[in-house]
Amino acid sequence: MNQLVISGGKRLEGSMEVHGAKNSVLPILAAAVLSGSVSIIHNCPRLTDVEATLEILRHLGCRVQREGHTVIVDSSTLDRCDIPEGLMREMRSSVIFMGALLARTGEARVCMPGGCELGPRPIDLHLSALRRLGAEIREMGGSLRCRGRGLHGGEIALTIPSVGATENAMLAACGAEGLTVIYNAAREPEIWDLQQFLNACGGRVSGAGSSTVVIQGGRALHTGEHRVISDRICAATYLSAAACAGGEVELTGVPREQLLPVTEVFVQAGCRVRTEAERVWLRSEGALKSVSPVRTAPYPGFPTDAQPPVLAALCRAKGSSVFVETMFENRYRYTMELARMGAQIRVEGRVAVVTGVPCLSAAAVEAPDLRGGAALTVAALAAQGESRITGLRHIDRGYEDIAARLRELGAEVRRTTDSVSP
Ligand code: EPZ
């Protein structure tokens, strides 16, 4: 069994460049099928979700090559439009291939996607957006058959600014004749990044970053080259680690405004924070104060994905802090594992109240999902003694070599593989 073994209590010091954003690179890789040409994508992190996406591309007949952090996808050889259930279940973002395949081939045969178990994660908004562009979709059991020869542009009004539904609609709209307008679109930086990639391939997309995205579809796309933005949630995780364990870290690559909701919490908690265009410094003495209620919200609000590591950092803060999770019903499972380390957290529905304790103690804990695993890592870095974290398959989905990254900052972390005794 793979484990992270963390000896807590070391201050974190140093500078780190944040790797490419998982939630940007996944839809961009799916979008690489649109052009029927070569896409050169830089800053692709080495994550299991990225590798699973490359596997889907290979299954579809694309040629895929990785050179360090650059991935080259040649989709001229794409010759199928189905994705097997095993690959679809690897991660939630596999659903974005629906829009991409419809635009490229007029057909997509997929099934309900997998991903972190954060509560019900319907795809009704994805399906209604694609139907709006003329796709016919039949749902049978867990499988989805989509046909969309002759997609046409249209107006899509999302009832929730869903990140995935916005991305799916953008990709399908590239293959639809005429103009598509997406109202109440998600405003996350990853949507803007997808727009930049599509435009680098000859697409005409505008408005990403605002609530209205406009796509002029039916244009022939060509070879494109793009650098993926840095991962703001990884940045938030490493800031949480330094805030909790104490120390001084500098993170580069993420625009300061993308981290503002998170840095604001740490300023309130008593950390010193300085920011420049794409640079954030955080200094913490490890003794934090409680903060005013943190409510997750779509961008530019406080990101749901940063809720677990930031909450973990506040487990040692003096006083009580309240978190309200508005996105996903089941995003507090990690708090039961934090309790094993001595954290005092009361969860009722979507609200968690964290009452700080003077010190956390090391424990053997299991990551229940990706960001829950990040939260346990943050707490273990500050806990007294040696913690062991299992369930690394979750953490590996979103953090490139987290043990090595933390060692660069002076943490005592190693990854071990215990052989199972007979
Ligand atoms: C993206 O998920 C991210 N994943 C998630 O990252 C992130 O937590 C989430 O956006 C919110 O920021 C990727 O980008 C691959 P949504 P997505 O559609 O697109 C409801 C991580 O840890 N909804 O914006 O699935 C939904 O249930 C993760 O990296 C519907 O009701 O999120 C949720 O309450 C996990 N019907 C809300 O909308 C739909 O058809 C927002 O979800 C779609 C969504």
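## Terms and model

A pocket is here an open set of grid points with protein on both sides within 12 Å along at least five of seven lines, and its lining residues have an atom within 4 Å of a point. The structure described below is a predicted model.

## The largest pocket

Helix 1 is the element that gives the most to the lining of the largest pocket, contributing four residues. The elements that supply two or more lining residues are helix 1, helix 5, helix 6 and helix 12. In total, 43 residues line this pocket, and those nearest its centre are Arg-92, Arg-121, Val-163, Gly-164 and Phe-328.

The volume of the largest pocket is about 1,100 Å³. By class, its lining comprises 20 nonpolar, eight polar and 15 charged residues.

## The ligand and its shell

The largest pocket is where the ligand sits. Around the ligand there are 23 residues, of which Asp-124, Ser-162, Asp-305, Met-327 and Arg-371 come nearest. This shell is made up of ten nonpolar, six polar and seven charged residues.

Four helices each supply at least two residues of the shell: helix 1 (22-31), helix 5 (124-132), helix 6 (163-174) and helix 12 (370-382). Whereas helix 1 gives the most to the lining of the largest pocket, helix 5 gives the most to the shell around the ligand, with three residues.

Rolling a probe the size of a water molecule over the atoms shows where empty space is left. The structure holds one cavity of 30 Å³ or more, and the largest cavity contains about 40 Å³ of space.

Its lining is formed by Ala-21, Asn-23, Glu-190, Asp-231, Arg-232, Ile-233 and Arg-371. These residues divide into two nonpolar, one polar and four charged.

## Backbone geometry in two loops

Most residues other than glycine have a negative phi, and most peptide bonds are trans. Asn-43 has a positive phi, near 65 degrees. This residue is located in the loop between strand 3 (38-42) and helix 2 (48-59).

The peptide bond joining Tyr-299 and Pro-300 is cis, with omega of about 10 degrees. Pro-300 belongs to the loop between strand 17 (294-295) and helix 10 (307-313).

Notes
Residues numbered from 1 in each chain as written. Predicted model: local features only at pLDDT ≥ 70, side-chain atom pairs only at ≥ 80, totals over all residues. Heavy atoms only, no water. Near = heavy atom within 4 Å. 1 Å grid on protein atoms, 1.4 Å probe; cavity = no way out; pocket = protein on both sides within 12 Å on 5 of 7 lines; lining within 4 Å. Sits in = over half its atoms within 2 Å of the grid points. Nonpolar A, V, L, I, M, F, W, Y, C, P; charged D, E, K, R; others polar. Points joined across faces, edges and corners; volume = space filled by probe spheres on them.
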